[in-house]
Number of protein chains: 4
Amino acid sequence: MKIQETEIRVRYQETDQMGVVYYANYLVWFEVARTEYLRSLGISYRKLEEKGIYLMVASVGCRYKSPAVYDDVVKISSWISEMRNSSLTFNYEILVKDRISATGESVHVFTDHDYKPVRIPKELAGLREKAGSERGRGSISST
Amino acid sequence: MKIQETEIRVRYQETDQMGVVYYANYLVWFEVARTEYLRSLGISYRKLEEKGIYLMVASVGCRYKSPAVYDDVVKISSWISEMRNSSLTFNYEILVKDRISATGESVHVFTDHDYKPVRIPKELAGLREKAGSERGRGSISST
Amino acid sequence: MKIQETEIRVRYQETDQMGVVYYANYLVWFEVARTEYLRSLGISYRKLEEKGIYLMVASVGCRYKSPAVYDDVVKISSWISEMRNSSLTFNYEILVKDRISATGESVHVFTDHDYKPVRIPKELAGLREKAGSERGRGSISST
Amino acid sequence: MKIQETEIRVRYQETDQMGVVYYANYLVWFEVARTEYLRSLGISYRKLEEKGIYLMVASVGCRYKSPAVYDDVVKISSWISEMRNSSLTFNYEILVKDRISATGESVHVFTDHDYKPVRIPKELAGLREKAGSERGRGSISST
């Protein structure tokens, strides 16, 4: 299974008055991780959208384990745990210095420009194989 | 069951290049709805924090049904579906012109200033009763 | 001179670890105020964009006088201080409980869908008169 | 004059329905650039705040020249153009593929934990010299 790791340094803007990262910002990091995951397989999500192919978010979940704070470097592991004809599921694990900060997943539906579901586009036809067959880091502790 | 409705007009800032509201912003609306839910029961979350009582987010989930766009007025219904000694669960339903845009839920843990879990604080002692006994709008379709 | 007042309650998301509103969020409030200013004159900015007319931001400035905190109700006064054939200038004053929290201004250029500058569109032709002739609250302390 | 360059890849979240980066997000990039500027001089802004020293924003300005879009890599040059006993001014220039996307500046006041202005703290005592004397990339087109 292909696993992509992306590092992000926490911005001051991402904190809240509790002194930690505001909970919605983890979803922004998930989005950054997805883009980098696809890029690591040679797929530019920007170009996909330019061709009229969208990965609409159908659902998202996140479990918060331990806070991240300003200037931390967070490491986001992302991988595709399921791929169907019209949808796929990304999983995420966010680490701060070897502590798990959060885990999450998002389900996406392939759509055209009018947000109508379409079958997996040819640009992504090889994704299932790439996502599953490339060697990653091995195992991820949990989701 | 007490249900609180909060209206928000979609900001330009909340949209993305797909022309719809960016998915993480639904969690911001959930947060606004929580504050207003508590206020409707006479509880100021700001004052709770000033006293050292926090409602840390332990997990969140959101299912996206239909997009919201700039300048839409979205209506967020929120209610407490479960309340335990050290945690509670908020549920949310977001409507745009009678279409369901999204549903979601978040689990929160009561903590002190050092983010250590505490039992339900006395300020919220009556919350269970208020949340469950006040008359709301009746039924909510589901989450 | 027409002055429009818009009230916004500070969201938890808008705070940062300093315990006050993060500085970039004032620009978001300016944007909300612009939309409401135009609406108060019968102009829907959403419809303007649907017709291919955009008010691109050319520049912005903001001076921070006194912080706003979570759950504060901020009052944003906005008015048009200058209007030319291809651009206009909005001014803003943000109050928190009669203290000035910030003042600012933004210059906007009328453009078409391809972001090319155009002369003032007919939908906005009457704006100069409306902006200047309707009675506002009188005087604003400063910009 | 010391000039620090910081690269940021545009996030989907940072775009708006116009298809370009929302104007307030440039101020977020300024903040990231400030942190990296200080780090390049051996100063951790996070540690400064932990010691009770804050760089409050007094004012900000930004001029938008050319849009940045999703997945662009933007290069932010930042430098200190003025330094006084109680304040300093950062300047910024944002490039997208050798086009200037925006220029800006922000004025900051040194404060203590209670947001009271203080004289330049000893941690920053050498900043004036470092900011002015280290060799940068020469000249910056303008602000």
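## Notebook: strand pairing and chain contacts

I looked up A:Gln4 and found that A:Ser78 stands opposite, in strand 3 of chain A; strands here are DSSP runs of E with at least two residues, helices are runs of H or I with at least four residues, and both are numbered from the N terminus.

I note that this is a predicted model, in which local features need pLDDT of at least 70 and side-chain atom pairs count only at pLDDT 80 or more, while totals for chains, interfaces and linings use all residues. Residues are numbered from 1 along each chain as its sequence is written, chains are lettered from A and ligands numbered from 1 in the order in which they are written, and side-chain values use heavy atoms, with hydrogens and water left out.

**Entry 1: the sheet within chain A**

I followed strand 1 of chain A and found it paired with strand 3 (residues 73-83) of chain A in the antiparallel sense, over six bridges; two strands count as paired if DSSP finds at least two bridges between them. As one bridge pair I wrote down A:Ser77, whose partner in strand 4 of chain A is A:Glu93. The link from strand 3 to strand 4 of chain A is a hairpin through three residues.

**Entry 2: chain A against chain B**

I superposed the copies by least squares on the C-alpha atoms of residues with pLDDT of at least 70 in both. Chain A can be laid on chain B with an RMSD of 0.0 Å by a turn of 180 degrees, with a shift of 0.0 Å along the axis. The two copies are thus related as by a two-fold rotation axis, and in chain A the C-alpha nearest that axis belongs to A:Gly61, 2.1 Å from it. Strand 2 of chain A and strand 2 (residues 54-64) of chain B are joined by five bridges and run antiparallel.

For the contact (heavy atoms within 4.5 Å), I listed 24 residues from chain A and 24 residues from chain B. Since 100% of the interface residues of chain A are also interface residues in chain B, the copies meet through the same surface. The buried area, meaning the accessible area (1.4 Å probe) that two parts lose on being put together, summed over both, is about 2000 Å² between chain A and chain B, with 62% given by carbon and sulfur atoms. A:Met18, A:Tyr23 and A:Leu27 supply 31% of the area that chain A buries against chain B, more than any other three residues.

I counted zero salt bridges between chain A and chain B, taking a salt bridge as a side-chain nitrogen of Lys or Arg within 4 Å of a carboxyl oxygen of Asp or Glu. The rule does find 14 residue pairs in polar contact across this interface, both residues at pLDDT 80 or more; a polar contact is a pair of N or O atoms within 3.5 Å, where within protein one must be able to donate a hydrogen and the other to accept it, and residues adjacent in sequence count only if both atoms are side-chain atoms. Helix 1 (25-40) and strand 2 (54-64) of chain A each supply at least two residues of the side that touches chain B, and strand 2 gives the largest share, ten residues.

**Entry 3: chain D against chain C**

I repeated the look-up for chain D, which can be laid on chain C with an RMSD of 0.0 Å by a turn of 180 degrees and a shift of 0.0 Å along the axis. D:Gly61 comes closest to the rotation axis of the residues of chain D, at 2.1 Å (C-alpha). Chain D and chain C bury about 2100 Å² between them, 62% of it on carbon and sulfur atoms. In chain D, D:Met18, D:Tyr23 and D:Leu27 lose the most area to chain C, together 31% of what that side buries. Five antiparallel bridges join strand 2 (residues 54-64) of chain C to strand 2 of chain D, and one bridge partner there is D:Arg63, for C:Ser59. Between chain D and chain C, too, I counted zero salt bridges.

**Entry 4: a salt bridge from chain A to chain D**

Over all chains the structure holds 40 salt bridges. I picked out one of A:Arg9 with D:Glu36, whose side chains meet at 3.8 Å, N to O. A:Arg9 lies in strand 1 (residues 4-9) of chain A and D:Glu36 in helix 1 of chain D, so the pair joins two chains.
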